[in-house]
Amino acid sequence: MKTLTLIIGLAVATTGAVAQAGEAMNDLEIAHTAYTAGQLDIRYAHLALAVSENDAVREFAQTMIRDHTAVNEAAGALITELNVTPQDNALSQALVQGAADKRDELAVLSGKAFDCAYATNELGYHQVVNKTVAETFIPAVTVEPLKTLLEEALVTFKQHEGHAEVMVKGLQCS
């Protein structure tokens, strides 16, 4: 598995352990984490547009920017409507650190090596995030508009996962 997937998995496992101890993430922490994950994927996509010359990779990156920006804008509007402030938390912080490490790894690559590393990371990232949103965040959220936003976003993010899987196969990454 890739470094970021392991870090996210560890962070999710750690968060799950905390939740079992009676300290589950609240809605504001979940909102912050979901927003953070979207922002990180947008940053990966900008890197892909700067580095990749592969049309499929560039198209995927543009889709990530468009879709994650739209979800984050909807989240921002909901936060404004509810007049709340998302709360930073250990999982958000782990995601940010993992993404910084992964960006450092990706930044030194070029050509097919970059394309495969980016595509493989996107596949793993969406697999872990989608599982976390579906199995942890949505069941835990108590504010209906946030739950609805996450459910709608998950449909799009599952499409991203499928698109990433096709991209990895098309690039013939090993």
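**H68 and its surroundings**

Reader: Hi! Starting with H68, which residues does H68 touch, not counting those up to four places away in sequence?

Author: Hello! H68 touches G38, D41, I42, H126, F157 and H160, with residues up to four places away in sequence left out. A contact here means heavy atoms within 4.5 Å.

Reader: Before we go on, what sort of model is this, and what pLDDT do the features need?

Author: This is a predicted model, in which local features need pLDDT of at least 70 and side-chain atom pairs count only at pLDDT 80 or more, while totals for chains, interfaces and linings use all residues. Residues are numbered from 1 along each chain as its sequence is written, and side-chain values use heavy atoms, with hydrogens and water left out.

Reader: Thanks. Back to H68: buried or exposed?

Author: H68 counts as buried, because its relative accessibility is 5%. The cut-offs are under 20% relative accessible area for buried, over 50% for exposed, and partly exposed in between, with a 1.4 Å probe and protein chains only.

Reader: And which side chain does the H68 side chain make a polar contact with?

Author: With the side chain of H126, at 3.5 Å. A polar contact is a pair of N or O atoms within 3.5 Å; within protein, one must be able to donate a hydrogen and the other to accept it, and residues adjacent in sequence count only if both atoms are side-chain atoms.

Reader: Which helix does H68 lie in?

Author: H68 lies in helix α3, and D67 is found in helix α3 too. Helices (H or I, at least four residues) and strands (E, at least two) are DSSP runs, numbered from the N terminus.

Reader: Ok, D67 then. What does D67 touch, not counting residues up to four places away?

Author: With those residues set aside, D67 touches T156 and H160. The D67 side chain also makes a polar contact with the side chain of R66, at 2.9 Å. R66 and D67 form a salt bridge as well, their closest N and O atoms being 2.9 Å apart. For a salt bridge, a side-chain nitrogen of Lys or Arg must be within 4 Å of a carboxyl oxygen of Asp or Glu.

Reader: How accessible is R66, and how accessible is D67?

Author: R66 is exposed, with a relative accessible area of 51%, whereas D67 counts as buried at 15%.

Reader: How many salt bridges are there by that rule?

Author: Four. Among them is one between E105 and K102, at 3.0 Å from N to O. E105 and K102 both lie in helix α4 (residues 90-107), three residues apart, about one turn of the helix. E105 counts as partly exposed at 33% relative accessibility, and K102 as buried at 4%.

Reader: What about K169, which residue does K169 form a salt bridge with?

Author: E165, with the closest N and O atoms 3.8 Å apart. K169 and E165 are separated by about one helical turn, because they are four residues apart in helix α6 (residues 144-171). K169 is exposed, with a relative accessible area of 59%, and E165 is partly exposed at 37%.

Reader: Changing topic: how many helices and strands does the chain have?

Author: Six helices and zero strands, running α-α-α-α-α-α from the N terminus. Buried residues make up 44% of the 174 residues. Of the contacts between residues at least 6 apart in sequence, 82% join residues at least 24 apart.

Reader: Give me an example. Which residues is L78 in contact with beyond four places in sequence?

Author: P145, L146 and L149. L78 and P145 are 67 residues apart along the chain, and their C-alpha atoms are separated by 7.6 Å. L78 is found in helix α3 (residues 55-82) and is buried, with a relative accessible area of 11%.

Reader: Last one, how much space lies in the largest pocket?

Author: About 320 Å³. Of the 26 residues that line the largest pocket, the closest to its centre are A31, A34, A75, L146 and L150. On a 1 Å grid over the protein atoms alone, a pocket is an open set of points where a 1.4 Å probe fits, with protein on both sides within 12 Å along at least five of seven lines, and lining residues have an atom within 4 Å of a point. Grid points are joined across faces, edges and corners, and the volume is the space filled by probe spheres set on the points.

Reader: Which helix gives the largest share of that lining?

Author: α2, with eight residues. α2 (27-51), α3, α5 (111-140) and α6 each supply at least two residues. The lining divides into 20 nonpolar, four polar and two charged residues; Ala, Val, Leu, Ile, Met, Phe, Trp, Tyr, Cys and Pro count as nonpolar, Asp, Glu, Lys and Arg as charged, and the others, Gly among them, as polar.
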